[in-house]
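Here are a few friendly notes to read alongside the picture. Take them one point at a time, and look for each residue as you go.

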Amino acid sequence: MTSGSFVGRLRSVVLDCPEPRKLAEFYVGLLGAEVTDDQDDTWVVTVDPDGRRLVFQKAPEYKPPHFPDPEASQQIHLDVLVDDIEEAEPKALALGAKLVQANDNDQFRVYADPVGHIFCLMWL
């Protein structure tokens with residue numbers, strides 16, 4: 001695909017949350033990212049070792065998604081690839097993740113971050 005056949009490139013994935021700095025710290029520990037910009041706890045930018053940006057934006061009236069709930073949407077979720085789920089899961093839980101659904105036969109487990117965003121730990 002040439003640069004003329006698309007509109008732009010994805011720069012960041014942005015998550016609404018009540019406390020951006022606190023949620024950024026969770027993802028720093030989960031993904032090995034580092035904080036590159038912190039705007040007085042209204043906007044925090046992290047970058048992982050591969051250069052991917054995950055940004056956290058203050059949303060004072062934030063309400064977390066409900067999962068699993070066939071009547072409500074997750075809106076968005078992150079898939080995080082791990083080498084060993086038995087090693088990765090306790091680390092994620094220690095950071096503040098909550099196990100929502102184990103799907104060991106499908107090679108992923110569903111978690112919620114400290115403010116309720118859904119993410120999956122996946123393994124091959």
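1. Which elements each supply at least two residues of the lining of the second largest pocket? In this predicted model, they are α1, β5 and α2 (85-95). The largest share comes from α2, with 5 residues.

2. Stay with this second largest pocket for a moment. Its volume is about 270 Å³, and 14 residues line it, with L30, L81, V82, A88 and K91 nearest its centre. Sorted by class, the lining has 9 nonpolar, 1 polar and 4 charged residues.

3. Now turn to the largest pocket, which holds about 370 Å³ of space. Its lining has 18 residues, and L31, D48, R52, R53 and L54 lie nearest the centre. Among the elements that each supply at least two lining residues are β1 (12-17), β3 (43-47) and β4 (53-58); β5 gives the most, with 3 residues. By class, 10 of the lining residues are nonpolar, 2 polar and 6 charged.

4. The disulfide count is 0. Both cysteines are buried, C17 with a relative accessible area of 0% and C120 with 6%.

Terms used. Residues numbered from 1 in each chain as written. Predicted model: local features only at pLDDT ≥ 70, side-chain atom pairs only at ≥ 80, totals over all residues. Heavy atoms only, no water. Disulfide = S-S within 2.5 Å. Buried < 20%, exposed > 50% of the residue type's maximum accessible area, 1.4 Å probe, protein only. 1 Å grid on protein atoms, 1.4 Å probe; cavity = no way out; pocket = protein on both sides within 12 Å on 5 of 7 lines; lining within 4 Å. Points joined across faces, edges and corners; volume = space filled by probe spheres on them. Helix = DSSP H or I, 4+ residues; strand = E, 2+ residues; numbered from the N terminus. Nonpolar A, V, L, I, M, F, W, Y, C, P; charged D, E, K, R; others polar.
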